[in-house]
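Work through these exercises with the model open. Each task comes with a stepwise solution.

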Amino acid sequence: MNKLKYSVAAIALFGSQLIFAQAHDISVDVKKTGAPIQKTMYGIFFEDINYGADGGLYAEMIKNRSFEFPQSLLGWTTFGKVEVRTDEAPFPKNPRYVRLAYPGHKEKRTGLDNEGFFGISVKENAEYRFSVWARVPENDNSEIRVELIDPASNIFASQKIAINSKDWKKYQVILKSPRTEAKARIRIFLASDNSVDLEHISMFPTDTWKGRENGLRKDLAQALYDLHPGVFRFPGGCIVEGTDVDTRYQWKNTVGSVENRPLNENRWEYTFPHRFFPDYFQSYGMGFYELFQLSEDIGAEPLPVLNVGMICQYQNKGEACQIAVKDLDPYIQDALDLIEFANGDTGTKWGKVRADMGHPAPFHLRMMAIGNEQWGKMYPERLEPFIKAIRAKHPEIKIIGSAGPNPDGKDFDYGWAEMKRLKADLVDEHYYRNPEWFLGNAARYDNYDRKGPKVFAGEYACHPKNRKNNFESALAEAAFMTGFERNADVVYMCTYAPLFTHIDGWQWKPDMIWFDNLRSVRSVNYYVQQLYGMHVGTNVLKTQENKLPLTGQNGIYASSAIDKNKNEIYLKIANTSDAAQKVTYTFKGLKKGERKGTHTVLKSDNMNAENTLDNPFAVVPETEKITLTNNVFEVKLAPKTFNLYVIEL
Ligand code: AHR
């Protein structure tokens, strides 16, 4: 390190404190642009953990809507004569339904309440579409009454539904809520002497993302859209693997009519003894069709992760727990069929399923991950036949392999070597590490093999001691991510993890977006992802001081990119030190003249500052206009800041 360059060069006065500023001369080569940056560079990773799907992004408000939880009435309270039955069920993969019968006396009542996911939460003047499959088993007509009730059992919205057929039919009604109520319940009364059978009892806000009936929560989907993600990895994570072979994620169970998608036990139900949720199941109402559709909506490349014939290795030790290599054919077929589901002509078996669901056009699947977080020799043994089969039939599909759960060590090195041998296109690395690790690893990819598979940082997040989504972790991620950008010739994609968490149902933190049933908040870490996602650029610009990249010298981390389509330059620079620092950027190959731009800063005096549901904007980016007068640009970086300069060319 050139001592002169990093010697104290200026003294700045901030308030009453003397702060020593360092001086940096950074050159940015605009003439000779560097490696192309993939459009997929900054993306998102969705998994149903922390009630991210049912009870979260998936806007269904009724828990256990088909009575298929192992305890068939979990989430429901019944009164009068309610019986769970399976004969003459309308949906064979969800065979249970309930019969509501005359309670035996005209003053008595029959019915049932649902508690929703941590309550049923409704907003003043909002409308909710209640729907139910029903029939009258013994007569021609019956009637039910649907009510929203508050915690004190007061009814505040009510509607009647006449059930008028012996055959199963779908009925629906709109309930308008006159008030906001966070912890309501829904109650269904038998309002006739005649019995009625009910199945798939469902309620959604009418105002879902894009107004879809089997829709997503609008604020949460909007938050994804606003990230400008380049890639969308789904559906996990460990849930791809499952707790056992039966509970692994099987995409074929998640498509077709929503009423006939079989329930699955969520792998996260059992994981954390301190946060055990015995009612954590996957309705699969937001299945692969909806996830592909969401990718399309938010402009991200879909990236499905498929089971490689391995069950969660943390929960299942040893070869005997895994699927034998000789038995892999159905798993491989699932991968091939998924390509047909996403891209196939509507005349093909799976292309037709997609078309029948409402999307005749292909979803343009270009890549898939085989295996989530796998390690040891059992993994390449299983991955190899997948690669052979996919390459033979679909050479156009890029295949992503796993480097295991850690960013270094024996398993990681072995995993990488095996991925090279198998010629995986990309390798998925995961790291959940402390701020020191992130700050110390910004140069991680500077010396990676340029000829091998590309890197997909498929799960990463900075975990501070208190495991909060605080400013400290966000700043460390922002600094570290300059290393992604600088190495865009080898790092093709990255996705922060996990994405969502319900404030009443979290198991794992930190997470990018927190929510309760009525509100959501974008963490400080979200804004780092958004700043990168909105300023990807088309090519890297060589950014150096004293011929070296800026990877933490005096706490400075920097990288730059150019967007040749938008004619803009993006300078990203983090000052993680406690001192203000003066930086002089000199642009090589930039004509002199006045240029306009913006400076966006993410800052806080408090490293522990966080955005919460009650204080959602504690730390958000602040933007000001700037003007450059020539090809030398001087900036003063405040301490503990992440800065983005956008310069119009
Ligand atoms: O993101 C949470 C979990 O972390 C993922 O499911 C898993 O892949 C990793 O262990």
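**Exercise 1: Positive phi**

Lys210 sits in the loop between β14 (196-205) and α1 (218-225); helices (H or I, at least four residues) and strands (E, at least two) are DSSP runs, numbered from the N terminus. This is a predicted model, where local features need pLDDT of at least 70, side-chain atom pairs count only at pLDDT 80 or more, and totals for chains, interfaces and linings use all residues. Residues are numbered from 1 along each chain as its sequence is written, and side-chain values use heavy atoms, with hydrogens and water left out.

Task: state phi of Lys210, then classify its accessibility. Do likewise for Arg467.

Solution. 
- Step 1. Phi of Lys210 is near 60 degrees, a positive value in a residue other than glycine.
- Step 2. Lys210 has 53% relative accessibility, so it counts as exposed. The classes are buried (under 20% relative accessible area), exposed (over 50%) and partly exposed (in between), with a 1.4 Å probe and protein chains only.
- Step 3. Arg467 lies in the loop between β22 (454-462) and α9 (471-486). Its phi is near 50 degrees, also positive in a non-glycine residue.
- Step 4. Arg467 has 33% relative accessibility and therefore counts as partly exposed.

**Exercise 2: Ligand contacts**

- Step 1. Cys238 uses a polar backbone atom, 2.8 Å from a ligand oxygen.
- Step 2. Asn372 uses a polar side-chain atom, at 3.0 Å from a ligand oxygen.
- Step 3. Glu459 uses a side-chain N or O atom, 2.7 Å from a ligand oxygen.
- Step 4. The protein covers 96% of the 280 Å² of accessible area that the ligand has on its own (Shrake-Rupley method, 1.4 Å probe; for residues, only the protein chains shown count as cover).

Definitions and conventions: Polar contact = N/O pair within 3.5 Å; in protein donor to acceptor, adjacent residues only side chain to side chain.
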